[in-house]
Amino acid sequence: MVVVVPVSRGEMRNLAQSWQLFACGLCSRMFVARGVRHGKMTEKSQNSLFSYHTLVHAMAGAAGSVVAMASFFPLDTVRSRLQLDEHREAKNTISVLCDLVQEEGLGTLYRGMVPVLKSLCTSNFVYFYTFHGLKSLRSRPEEQSAGRDLLVASIAGVVNVLMTTPLWVVNTRLKMKGIQQPSNARDLHYTGLLDGMMKVAHEEGVQGLWSGTVPSLFLVLNPAIQFMTYEAIKRRLHEVYGLQEFGGLVYFLIGAVAKAVATVITYPLQLVQAKLRHGHDYKELPPRPNMLQLISYILNKHGLAGLYKGMEAKIIQTILTAALMFTAYEKIATFVFKLLMSHQIKTKY
């Protein structure tokens, strides 16, 4: 049974503030040890995989993703239902939201939210830590480019996929309890992430925990393109307007544009990934088809439109979530760095 926890905006703000304070406490000793002198960060303090600088970025990214997903979780539920429920008509997002509430109650929009937030927090911590750690090792700020960002983001994506896919396999199944299960699926009831992973490993073998890994590896292009676009736009704005901190709206818009580009390019792979993780009900296909078999079958049965079923809901959800995530990430990271810097200056004098 998944416990639904309503989350208000005030609680979201408290969550962000808690992460900020936690980051400050955890990083303060590391900040001193990594060589901050005269109120300035030394090059050594930043150009290291294991540094306070990388850790703050990772924690800010994880916190930002939790705040954003919790705010727009019902839209992610709509996206999942349209991707996986073959019997549900592809209506607009508002219509599907109303249908779900009428058929299953308001709580269904938040089914599986807690394990999703836990997994998302873990996944984004791994991704942001790897991305910023490798980025600081490979080049100085003035040497960074879109090509370097794409390469580093792709590596970070591969690391993230290999480490966190079992969490997302269980999450997909937890969220889809309200729809008809595939004919080849076992009637299993997961009480949470750990219980789900243990049952999947027992019933389907360890390889079952990495279902959909192949399309997931291809899908590292999604965050890679997203981060490349985001960093490129941000660098360009800094060049035009000088090295200054932008307002929250600017970060929101940059994040929205970056995610929109990435989603439109990679959506068919996201749909296939979801079906491989959850299972399918196509009698003409084997229980565990490969990615090419599934794509070919969908194209033959539904045409090209079949690979984009649910994209409207995905576009709305992913753009709003990514935009809010980047805004919260930038603000939390800036706040923590300023607070740590201020603490060091006060300690000195």
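The model is predicted. Its protein chain contains 13 helices and two strands, and 52% of its 349 residues count as buried.

**Overall make-up**

- The accessible surface of the protein chain comes to about 16700 Å², and carbon and sulfur atoms account for 63% of that surface.
- Among contacts in the protein chain with a separation of 6 or more, 76% join residues 24 or more positions apart.

**Annotated segments**

- An unreviewed UniProt entry places the feature "transmembrane region" at residues 19-37, 49-73, 109-129, 150-169, 208-228, 249-269 and 315-340.
- Over residues 109-129, the chain is 81% helix and 0% strand, with the end C-alpha atoms 31 Å apart.
- Over residues 249-269, the chain is 100% helix and 0% strand, and here the end C-alpha atoms are 30 Å apart.

**Nonpolar cores**

- The largest nonpolar core has 30 residues; Tyr127, Phe128, Phe131, Ala153, Phe227, Tyr230 and Phe326 are those with the most contacts inside it.
- At least two residues of this core come from each of helix H3 (52-71), helix H6 (113-138), helix H7 (146-175), helix H10 (221-241), helix H11 (248-278) and helix H13 (311-348).
- Another core, of 13 residues, lies apart from the largest one; its members include Tyr282, Met291, Tyr297 and Leu307.

- Phe227 is located in helix H10 and is buried, because its relative accessible area of 4% falls under the 20% cut-off.
- Beyond its neighbours within four places in sequence, Phe227 is in contact with Tyr127, Phe128, Phe131, Ala153 and Phe326.
- Phe227 and Ala262 are 35 residues apart along the chain, and their C-alpha atoms are separated by 9.1 Å.
- With neighbours within four places in sequence again left aside, Phe131 is in contact with Asp149, Val152, Ala153, Ala156, Phe227 and Glu231.

**Ser119 in helix H6**

- Ser119 belongs to helix H6 and counts as buried, because its relative accessibility is 0% and the cut-off is under 20%.
- Leaving aside neighbours within four places in sequence, the contacts of Ser119 are Leu167, Trp168, Asn171 and Leu193.
- With one of these residues, Asn171, the side chain of Ser119 makes a polar contact, side chain to side chain, at 2.5 Å.
- Ser119 and Val170 lie 51 residues apart in sequence, while their C-alpha atoms are 9.8 Å apart in space.

Technical notes:
Residues numbered from 1 in each chain as written. Predicted model: local features only at pLDDT ≥ 70, side-chain atom pairs only at ≥ 80, totals over all residues. Heavy atoms only, no water. UniProt positions renumbered as here; feature names shortened; annotations may be inferred. Helix = DSSP H or I, 4+ residues; strand = E, 2+ residues; numbered from the N terminus. Core = buried A, V, L, I, M, F, W, Y, C linked by side-chain atoms within 4.5 Å. Buried < 20%, exposed > 50% of the residue type's maximum accessible area, 1.4 Å probe, protein only. Contact = heavy atoms within 4.5 Å. Areas by Shrake-Rupley, 256 points an atom, 1.4 Å probe, with all protein chains shown as cover. Polar contact = N/O pair within 3.5 Å; in protein donor to acceptor, adjacent residues only side chain to side chain.
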